[in-house]
Amino acid sequence: MPINAEYRGPAELPEIIPVFPLPGALLLPRGQMPLNIFEPRYLEMVDDALRDGHRLIGMIQPDITHSRNEERPALFQVGCVGRITQLAESGDGRYILELTGVSRFKVVEEMTVLTAYRQCKVDYFPFIDDFTARKGEDEVDREALLAVLTDFLKANNLKVDWEGVEAAPNEALVNALAMMSPYGSAEKQAMLEAPDLKTRAEILIAVTEMDLAKKRTSGDPPLQ
């Protein structure tokens, strides 16, 4: 996805960003995430991101297991900021947009704000390697990744564009498969917080193998 802004390091990103808590949502650097925005507070968030000019939104998962307030759940400490690279109005009050991931961040503190949406002070420096495209992708075991993808597709009666898969660089392949994976918040968070691309691929492979083994043992029907 083409992006008009070039972010070469943490200093080029704002220290305080709006955050969008969304369970099961995984955005990774240079990955694309479609969003259907309809809640008034998040429509306001998008308007403000466009008005402020930075076009940035932090995707983060709510930490449900450690939350006492369902209306304002606790947040995991790591998320990923993305830039709005596509935006369309639906005609019925919704925004259909796409975020392109820029860098992961660690939450320093949640700010006290007047906006209906939440905002956090964040630190990108723990993930400074995110600013270097395709870093560490030569360490990925592509053969093992494709093998488990084949098993997953077969077990769930799914098809994939193999030409696209074969042409994809390791970073794009690992991150796209991680983002599209059907796993829960804990697994998604583990993949997000992986220290490098090799580890993220290993987590994805391990989780998928455990899921396939569980389905074989229990006789669960394939995903629909």
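Colleague: At roughly what angle do the axes of H5 and helix H6 cross?
Modeller: This is a predicted model, with residues numbered from 1 along each chain, where local features need pLDDT of at least 70. Side-chain atom pairs count only at pLDDT 80 or more, totals for chains, interfaces and linings use all residues, and side-chain values use heavy atoms, without hydrogens or water. Axes are lines fitted to C-alpha atoms, over the stretch in contact, with angles from 0 to 180 degrees between N-to-C directions. The axes of H5 and H6 (residues 197-218) come within 8 Å and cross at roughly 160 degrees.

Colleague: How are H5 and H6 oriented to each other?
Modeller: Angles over 145 degrees count as roughly antiparallel. The H5 and H6 axes cross at roughly 160 degrees. H5 and H6 are therefore roughly antiparallel.

Colleague: Which residues of H6 make the contact with H5?
Modeller: Contact means heavy atoms within 4.5 Å. H5 brings Glu187, Ala190, Met191 and Leu192. From H6 come Arg200, Ile203, Leu204 and Val207.

Colleague: How many residues of this contact are charged?
Modeller: Asp, Glu, Lys and Arg count as charged. The contact of H5 with H6 has six nonpolar residues and no polar ones. The charged residues number two.

Colleague: Which elements give two or more residues to the lining of the largest cavity?
Modeller: A cavity is a set of 1 Å grid points where a 1.4 Å probe fits but cannot get out, and lining residues have an atom within 4 Å of a point. The lining includes Met59, Ile60, Val78, Gly79, Lys188 and Gln189. The elements that give two or more residues are strand E3 (56-60), strand E4 (78-89) and helix H5 (185-193).

Notes
On a 1 Å grid over the protein atoms alone, a cavity is a set of points where a 1.4 Å probe fits but cannot get out, and a pocket is an open set with protein on both sides within 12 Å along at least five of seven lines; lining residues have an atom within 4 Å of a point. Helices (H or I, at least four residues) and strands (E, at least two) are DSSP runs, numbered from the N terminus. Angles under 35 degrees count as roughly parallel, over 145 as roughly antiparallel, 65 to 115 as roughly perpendicular and the rest as oblique.
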